[in-house]
Amino acid sequence: MTQHLSYVRHDVTFLSEGTPCAAWLYRPDGVANPPIVVLAHGFAAFRELRLDAYAARFAQAGYAALVFDYRHWGASGGQPRRILDIRAQHADWRAATAYARGLDGIDTSRVVGWGSSFGGGHVLDLAAHDRDLAAAIVQVPHVTGPASAFAQSPKLVSRLVAAALRDQIGAWMGRQPYRVKSIGRPGEVAMMTSPGAYDLVMEMAGDKREELLAENDVAARIALRVPFYSPGRNAANITAPTLIQLARQDDVTPYAKAQKIVGRIPHGEVLSYDCTHFEPYLDPHFDRIVADQLDFLDRHVGGAR
């Protein structure tokens with residue numbers, strides 16, 4: 001029977017380009033110099049949306065974990081709020097891994113990047129450039145901009161582009177962001193409108209539902225940038241062992257295209273699950289998803305289980 005270690009969680013901050021990023025640092029009790037898994041969320045999401053569940057499982061298995069919010073999101077700094085800047089989020093990832101490598105009582109030679117959805121794309125980009133990562137885990141990752149951007153109906157795409165142009169022009173003129181919903185129901189103008197997705201994200205939010213609803217929007221300009229963001233292009237440059245977990249019914253990051261692209265990762269392990277994009281975070285899929293992540297970590301990184 002696997003032992004579940006106790007752990008402590010601390011609120012910490014680190015700077016990314018001078019702006020504070022809020023994070024949780026999990027340390028397993030009684031483990032000297034554990035590896036550390038650095039986690040961040042996907043598109044327009046914050047850490048309370050179930051990332052604590054993953055980090056707790058890692059800590060119980062003997063791994064430290066650092067869970068952070070991007071600048072402009074959640075508890076992190078940055079104004080205006082809820083701006084999704086891909087370049088800035090890449091910088092946040094570099095700052096988070098640098099912070100993890102500077103921690104006392106951590107085996108800083110065993111730093112793992114963990115990302116989900118849009119954040120999974122960021123981890124693929126990070127792994128292609130940071131050769132010191134011990135491993136990477138990407139869950140339902142964003143890999144190709146065109147496939148994700150144009151998975152929605154042409155009518156919705158055109159409305160999002162119109163909103164994005166309005167927001168971008170306004171930004172050039174110094175106006176406040178023009179926003180669209182991040183997650184919505186089919187027929188709404190939102191960045192993600194897959195059937196059932198809205199209800200699943202509400203379930204992920206749990207007792208943070210009201211907070212999520214208050215922050216369920218994003219500066220629309222990101223709709224102009226998603227089509228050009230394809231971190232899978234650098235898949236062949238990733239040298240670290242990489243676990244890729246795909247959802248067969250995913251219509252946010254379409255499955256067939258993702259499967260083809262991540263197959264180019266030299267030391268990649270691809271696992272597929274019969275679920276939709278948001279279901280890995282929730283029962284009944286969560287336990288299997290996390291168990292596979294821990295098995296991968298034990299084989300390639302080694303904890304203190």
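Me: Where does glutamate 215 lie in this predicted model?
Reply: Glutamate 215 sits in the loop that runs between helix H7 (209–214) and strand S9 (217–219). The model is a predicted one.

Me: Why is glutamate 215 called partly exposed?
Reply: Its relative accessible area is 22%. Buried means under 20% and exposed means over 50%, so glutamate 215, at 22%, counts as partly exposed.

Me: Which residues is glutamate 215 in contact with, leaving aside its neighbours within four places in sequence?
Reply: Those residues are Phe46, Gly74 and Arg82. As for alanine 197, glutamate 215 is 18 residues from it in sequence and 17 Å from it in space, C-alpha to C-alpha.

Me: Which residues touch the most other members of the largest nonpolar core?
Reply: They are Phe43, Tyr54, Phe278 and Leu297, in a core of 104 residues. Helix H6 (residues 197–205) gives the largest share of this core, seven residues.

Me: What is phenylalanine 278 in contact with, leaving aside its neighbours within four places in sequence?
Reply: Phenylalanine 278 is in contact with Ile183, Met192, Ala197, Leu200, Val201, Met204 and Val252.

Me: What makes arginine 71 and glutamate 17 a salt bridge?
Reply: The closest N and O atoms of the two are 2.9 Å apart. The cut-off is 4 Å between a side-chain nitrogen of Lys or Arg and a carboxyl oxygen of Asp or Glu, so the pair of arginine 71 and glutamate 17 counts as a salt bridge. By this rule the count comes to 16 salt bridges.

Me: Why does the pair of arginine 71 and glutamate 17 tie together parts that are apart in sequence?
Reply: Arginine 71 is in the loop between strand S4 (64–68) and helix H2 (86–101), and glutamate 17 is in the loop between strand S1 (7–16) and strand S2 (19–28), so the parts tied together are 54 residues apart in sequence. Glu17 and Arg71 are also linked with Arg87 and Asp92 in a network of salt bridges.

Me: How do you know whether arginine 71 is buried or exposed?
Reply: Its relative accessibility is 8%. The limit for buried is under 20%, so arginine 71 counts as buried.

Me: What makes arginine 185 and aspartate 199 a salt bridge?
Reply: The N to O distance is 3.6 Å, and the cut-off is 4 Å. The pair links distant parts of the chain, with arginine 185 in the loop between strand S7 (179–183) and strand S8 (190–192) and aspartate 199 in helix H6, 14 residues apart.

Me: Why are arginine 185 and aspartate 199 called partly exposed?
Reply: Arginine 185 has a relative accessible area of 41%, and aspartate 199 has a relative accessibility of 47%. Partly exposed lies between buried, under 20%, and exposed, over 50%, so both residues are partly exposed.

Me: Where do arginine 299 and aspartate 295 lie?
Reply: Both are in helix H9 (residues 286–300), four residues apart, about one turn of the helix.

Me: How do the axes of H2 and helix H3 (residues 118–129) cross, and what is the hand of the crossing?
Reply: The axes come within 10 Å and cross at roughly 65°. The crossing of H2 and H3 is right-handed. Residues making the contact include Trp93 of H2 and Phe118 of H3. By class, the contact has five nonpolar, five polar and two charged residues.

Technical notes: Residues numbered from 1 in each chain as written. Predicted model: local features only at pLDDT ≥ 70, side-chain atom pairs only at ≥ 80, totals over all residues. Heavy atoms only, no water. Core = buried A, V, L, I, M, F, W, Y, C linked by side-chain atoms within 4.5 Å. Buried < 20%, exposed > 50% of the residue type's maximum accessible area, 1.4 Å probe, protein only. Helix = DSSP H or I, 4+ residues; strand = E, 2+ residues; numbered from the N terminus. Contact = heavy atoms within 4.5 Å. Axes fitted to C-alpha atoms, helices over the stretch in contact; angles between N-to-C directions. Left-handed = near helix turned anticlockwise from the far one by under 90°. Nonpolar A, V, L, I, M, F, W, Y, C, P; charged D, E, K, R; others polar.
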